[in-house]
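Open the model in your viewer and keep the selection tool at hand. The tour goes from one selection to the next.

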Amino acid sequence: MRRKDCYSFAFYFALLFCSRQEASAQLRYSVPEEVKVESVVGNVAKDLGLDVPSLPDRRFRVVSGSKDLKFDVNQDNGALYVHKKIDREELCQGSGACLMELKILVENPLEMHYVTVEITDINDHSPNFDEKQQTFEIAEHTLPGRRFQLHAARDPDAGINSIRAYTLTSNDHFELEIPKNYEEKIPFLVLKKSLDREQKHKHSLVLTAIDGGKPPRSGTLNVSIVVLDSNDNRPIFSQETYEITIPENIAFGALILKLNATDQDEDANGEIEYSLGKTLRRKVYETFELDKFSGEITVKGMIDYEENEVYKLDVEASDKGAPPLTGECRVIIKIKDLNDNPPEIEITSLSNTVSEDSKPGTVISLLSVTDKDSEVNGNVITSIISNGPFELKPSYKENIYSVITKELLDREEMTEYEIKIKATDCGEPPLTSSKTFSVQISDVNDNSPLFSQSPFYFYLTENNVAGMSVFSVSATDQDVNENAAISYHIMREGRPNEIMSFLNINSDNGQISALKSFDFETLKTFQFHVAATDSGTPSLSSNVTVNVFILDQNDNPPVILYPVSSNGSAEGVEEIPRNVNAGHLVTKVRAYDADIGYNGWLLFSLQEVTDHSLFGLDRYTGQIRTLRSFTETDEAEHKLVILVKDNGNISLSATATVIVKLVEPKEAFAASDVKSAAKVNEEDNVTFYLIITLGSVSVLFLISIVVLIAMQCSKSTNYSSKYLQETNYDGTLCHSIQYRSGDKRYMLVGPRMSIGSTIVPGSHANTLVLPDRRRASEEVRHPLTKP
């Protein structure tokens, strides 16, 4: 670095620690190791939220990190890019995360920001053998089953990208074996069929090492087998595996083991030389030395337990026969440590599931705590550090504990507990370890089903299809499995109820179907009870009240009350003087509809008339009046056909026929006067009754609102019928119908129902009883409609 740059660098650091405008931020990026040079990793300026127009005035510099910086910052746009080629295996060895910590200095104003770049591994290395060729000399009388150790491949990639398998060229005499008792994958060539030098004196095979990348990479080793004659005994070690323990501070040159192998052959075929396997890790050759004549293993290098706690040496003993035979053994050297072993917790028995009705003191788990260290370093203190209704109870045997419940459990409050056991030894400094396991709380049937609402209100349109589902009830149970499996049934206890016999409920899902079609004009509301029972042992149940309100449908056509002829048809004859003026009331068509609301709101129209210029019809009242005075040329008799229809979605109608006869006024005056007086009296009475009806409906409406609010607050079982608001509701009386029965007079009122309007269960809903103020001889009042 030039001196000027050094001064500038020191100046920036001085400003960094002294300036009050110091700012910092932490950014993190991730790039694969195969990323190309000049590739952008991320935009530091953008991610730090720096003002884009100010970027030309600001400078970015990587001021810390590795001496061989792999990344740099673009001064124009603040982009962090790859400056030099990245090799993850060169930067980070092993399978852990490869992180590069960078410090970014931003000038004008001076700021320091921290950037972490993670280098992710890719499968960019193929498995590689240290040697490309390996040759074996095997006597032809070698018995099948003999093993020959092959070179192991190396792959600097980490994790799944490392070596996963070996394959061998298919042949008749050899097969591949990977011993499972070795921690690393070491391939062995196994003779499966005896060799015959006279048939074939040399075999050439290819050993392939395959890694776990996608796509996988591979490397090959050429294996040559030279078939030799004679020397049919190989050296045999006294043990197949030697295992010794040495302290980590053992002195250089110390003898740790003397191997002993024997050969039943004589002379040169029985003379043995020892050698270390050629496929061991480099660290083994740097740490230990084997005397090829005596078989003594001595310490050659520094032994550090923190670097390696166990060494595994593959040793070959070869005789001097022609060809030479070899025997193998494995030497396992364990390093004795100081107090750097944390305690070990072993779960010897565990009840993963505990019933929620278990009594305090129930054993959940048995565990043992051990420490590889000795004396005071091996003494362990154990405790539970997680929250929960559990405690540790020591056993009569040292370091054996049981985990027990200390209070009652409730699965509905907590279904699972994480129990963490902590063990700390008494070494200096002390070491700690922990073990966590889960305990599931099993259910008992201690919760009754709970309905989603109580009571239920359902609104059912009349003329429903018999046998179809009309509504459903649902309940939940806080228990699980069979304890929460709910079945439904209709409670039929108590006095007989005809309606209940027409209801059926699906016991599995609470779907209720009606076995009959309901008629609003016959039944407006009914009530029944449904019980929900779980499948626990013993089972628990609850019940709910279901209130059903039948909604009106336009299923009744208008009924003509006047005119009605003697034979029952809607036909009448009216006689009027020829000299009446325009606006004269000829007659009034009266009709009613058993439906309510819009379905019962009647409108009148002239469907057929002899002369349209003579008569007019009020569409709301049904009154027929003259439009002009009669002339001598007008016919003496006129036929009017009146269409009466309701306002249902699909309107229903009826027709009435009125024959109007014109008579000379000489005899009609007296009758006309009497009739006019009667009509005036009738209109006055109608107006009076209409006022009474409107007042009664308003009072009933207010009373119903008050009663409904009171019952909703008190949750009483006596509920009022409630109807949904109809479209285009204007809140006015649609029509009323007066009729006589015996000595009483009734008025059928058909208001359009609004939200909050009620009908007391069991009442006739739209029927009012009015006092009879007419003389006995007066005619029956006909329907009134809203003007």
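Select Phe 458 and its surroundings: beyond residues up to four places away in sequence, Phe 458 touches Phe 471, Ser 472, Val 473, Val 546, Asn 547, Val 548 and Phe 549, where contact means heavy atoms within 4.5 Å. This is a predicted model, in which local features need pLDDT of at least 70 and side-chain atom pairs count only at pLDDT 80 or more, while totals for chains, interfaces and linings use all residues. Residues are numbered from 1 along each chain as its sequence is written, and side-chain values use heavy atoms, with hydrogens and water left out.

Stay on Phe 458, which lies in strand 33, residues 456-461. Strands (E, at least two residues) are DSSP runs numbered from the N terminus. Is Phe 458 buried or exposed? Phe 458 counts as buried because its relative accessibility is 13%; buried means under 20% relative accessible area, exposed over 50%, and partly exposed in between (1.4 Å probe, protein chains only).

Next, select Ser 454 and Pro 455, which are joined by a cis peptide bond with omega of about -5 degrees. Pro 455 sits in the loop between strand 32 (450-451) and strand 33.

Then go to Asn 463, in the loop between strand 33 and strand 34 (469-472). Asn 463 is not a glycine, yet has a positive phi of about 65 degrees. Most residues other than glycine have a negative phi, and most peptide bonds are trans. Asn 463 is partly exposed, at 34% relative accessible area.

Notes:
Helix = DSSP H or I, 4+ residues; strand = E, 2+ residues; numbered from the N terminus.
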